[in-house]
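Have a look at it first, and then read on.

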There are 2 protein chains.
Amino acid sequence: MTTTARELPHPELVEVELPAVLFALSDPARLDLIRELAAHGTLTVAECQAQGPDVPKSTFSHHLKTLREAGLIRNEPAGRQRTVTLRRAELDERFPGLLDAVVTS
Amino acid sequence: MTTTARELPHPELVEVELPAVLFALSDPARLDLIRELAAHGTLTVAECQAQGPDVPKSTFSHHLKTLREAGLIRNEPAGRQRTVTLRRAELDERFPGLLDAVVTS
DNA sequence: GCAATCGTTCCAAGAAAGTCGAACTGTAAT
DNA sequence: ATTACAGTTCGACTTTCTTGGAACGATTGC
């Protein structure tokens, strides 16, 4: 077999709704994570988690899910790990200036 | 007595936190209201309420409270009514570009 | 194959938020 | 004064979100 990794669902850009984006960003832990991603680019889940305070895996994974389903990040398999990427270019297209404002503030 | 109207508490600008602002904006009804205020300037509570779909007074008042406590609006007595104002200049100072991005999108 | 690792999903409990009727407060008009 | 009016607050209910342990699935290394 080749790569039969677990793909998680991601909303299309047109499906990304502003209220959901704002809600996902309204949690301090998730907001910090987005800022880390904006600064460091792509990270593995483990690296993401290492940035913040110690929190159970399941809790962290739930935050990733919220951000992913809102359309803020991509979460993709990479061997036995997973990489997390901010959908910056797409979000800049859909909501111009929003990410800049949020990450800068 | 002169004007002893009911003043409601408003956070100082420095006390306004980004997560609370984003949370307040993450509800479609509240987001719409902010957009109305951005477009029309100051409105009375009744005028605000008339913009959206019909909703009980108490529910609407609760949304106003959320927005006020987050620092997004001012709600001040005006005779027997109340006026609602977007704290735009202050917010632009505290979170440059945020309101523009949110209202435009 | 077997074990270890990485991370998600499942489930249950507690916390927070939304909704709305009813009661209440303050202002204006008569 | 009395009545009407504009909005907030209170209280109860429902819904959603958060949190974290345990189980599961997939991948790599031995």
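## Ground rules

This is a predicted model, where local features need pLDDT of at least 70 and side-chain atom pairs count only at pLDDT 80 or more, while totals for chains, interfaces and linings use all residues. Residues are numbered from 1 along each chain as its sequence is written, chains are lettered from A and ligands numbered from 1 in the order in which they are written, and side-chain values use heavy atoms, with hydrogens and water left out.

## Where the chains meet

Let's start with the place where chain A and chain B touch. Here 17 residues of chain A are in contact with 17 residues of chain B (contact means heavy atoms within 4.5 Å). The size of an interface is often given as the accessible area lost when the parts come together. For chain A and chain B, the buried area (accessible area, 1.4 Å probe, that two parts lose on being put together, summed over both) is about 1200 Å², with 81% of it on carbon and sulfur atoms.

Which parts of chain A supply at least two residues each to the side that touches chain B? They are α1 (18-25), α2 (28-40) and α6 (98-104) of chain A. Of these, α1(A) gives the most, with five residues. (Helices are DSSP runs of H or I with at least four residues, strands are runs of E with at least two, and both are numbered from the N terminus.) Sorted by class, this side of chain A has twelve nonpolar, three polar and two charged residues. In that sorting, Ala, Val, Leu, Ile, Met, Phe, Trp, Tyr, Cys and Pro count as nonpolar, Asp, Glu, Lys and Arg as charged, and the others, Gly among them, as polar.

## The sheet of chain A

Now for chain A on its own. Three of its strands form an open sheet, in the order β1-β3-β2 and with antiparallel pairing (two strands pair if DSSP finds at least two bridges between them). β1 (43-44) and β2 (73-78) of chain A are at the edges with a single partner strand each, so one side of each has no neighbour in the sheet. β2(A) is joined to β3 (residues 81-86) of chain A by six bridges, and A:Pro77 has A:Arg82 in β3(A) as its bridge partner.

Two helices lie on this sheet. α2(A) lies across β1, β2 and β3 of chain A at about 85 degrees to β3(A), while α4 (residues 57-70) of chain A touches β2 and β3 and makes about 120 degrees with β2(A). (Axes are lines fitted to C-alpha atoms, for helices over the stretch in contact, and angles run from 0 to 180 degrees between N-to-C directions.)

## The sheet of chain B

Chain B has an open sheet of three strands too, ordered β1-β3-β2 with antiparallel pairing. Six bridges link β2(B) and β3 (residues 81-86) of chain B. Across that pairing, B:Glu76 stands opposite B:Thr83, and B:Arg74 has B:Thr85 as its bridge partner. The hairpin of these strands has two residues between them, and B:Gly79 there takes a positive phi near 65 degrees.

## Salt bridges

How many salt bridges are there over all chains? The count comes to eight, with a salt bridge being a side-chain nitrogen of Lys or Arg within 4 Å of a carboxyl oxygen of Asp or Glu. Between chain A and chain B, though, the count is zero.

One salt bridge joins A:Arg88 and A:Asp92, whose closest N and O atoms are 3.9 Å apart. Both residues lie in α5 (residues 88-94) of chain A, four residues apart, about one turn of the helix.
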